[in-house]
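Trainee: I would like to learn how to read a model like this one. Could you walk me through it?

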Amino acid sequence: MNHNAHSIGVCYEGGLDIRGQPADTRTAEQKAALRQLLEDLHQRYPRAFIVGHRDLNPAKKCPGYKNVVQEYADLQP
């Protein structure tokens, strides 16, 4: 299913380890910037769910960290 018509995509650069495998490679600065962006979007769209790309398409390995929903549980509707 195509989710682009009813979602906002947010991407960070990275997500692969030195072997090219999915991994959480976010820096502290990336994590802080991502949280700030998601907090701002949550204020604008409080009923929106925050999910990872892999949550919408199990064939995807991104993001390189698995618990997007859990990490941002405080921002879920």
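Mentor: Gladly! Let's start with residue classes: Ala, Val, Leu, Ile, Met, Phe, Trp, Tyr, Cys and Pro count as nonpolar, Asp, Glu, Lys and Arg as charged, and the others, Gly among them, as polar. By those classes, the lining of the largest pocket has 22 nonpolar, 13 polar and 3 charged residues.

Trainee: What is the mean pLDDT of the protein?

Mentor: This is a predicted model, and where pLDDT is low, the predicted coordinates should not be read in detail. Here the mean is 89, with 99% of residues at 70 or more.

Trainee: How far apart are the end C-alpha atoms of α1?

Mentor: They are 25 Å apart, which agrees with the 24 Å that its 17 residues should span at 1.5 Å a residue.

Trainee: Which residues of α1 are buried?

Mentor: Buried means under 20% relative accessible area, exposed over 50%. In α1, Leu 34, Leu 38, Leu 41 and His 42 are buried. Looking down the helix axis, those buried residues fall within an arc of 100°, so they line one face of α1. On the other side, Ala 28, Glu 29, Gln 43 and Arg 44 are exposed.

Trainee: How much space lies in the largest pocket?

Mentor: Rolling a probe the size of a water molecule over the atoms shows where empty space is left. The largest pocket holds about 1100 Å³. Its lining has 38 residues, and the closest to the centre are Ile 8, Gly 9, Val 10, Val 51 and His 53.

Trainee: Which helix gives the most to that lining?

Mentor: That is α1, with 4 residues; α1 and α2 each supply at least two.

Technical notes:
Residues are numbered from 1 along each chain as its sequence is written. This is a predicted model: local features need pLDDT of at least 70, side-chain atom pairs count only at pLDDT 80 or more; totals for chains, interfaces and linings use all residues. Side-chain values use heavy atoms; hydrogens and water are left out. pLDDT is the predictor's confidence in each residue, from 0 to 100. The expected span of a helix is 1.5 Å times one less than its number of residues. Buried means under 20% relative accessible area, exposed over 50%, partly exposed in between (1.4 Å probe, protein chains only). The arc is that of the directions from the helix axis to the C-beta atoms. On a 1 Å grid over the protein atoms alone, a cavity is a set of points where a 1.4 Å probe fits but cannot get out, and a pocket is an open set with protein on both sides within 12 Å along at least five of seven lines; lining residues have an atom within 4 Å of a point. Grid points are joined across faces, edges and corners, and a volume is the space filled by probe spheres set on the points.
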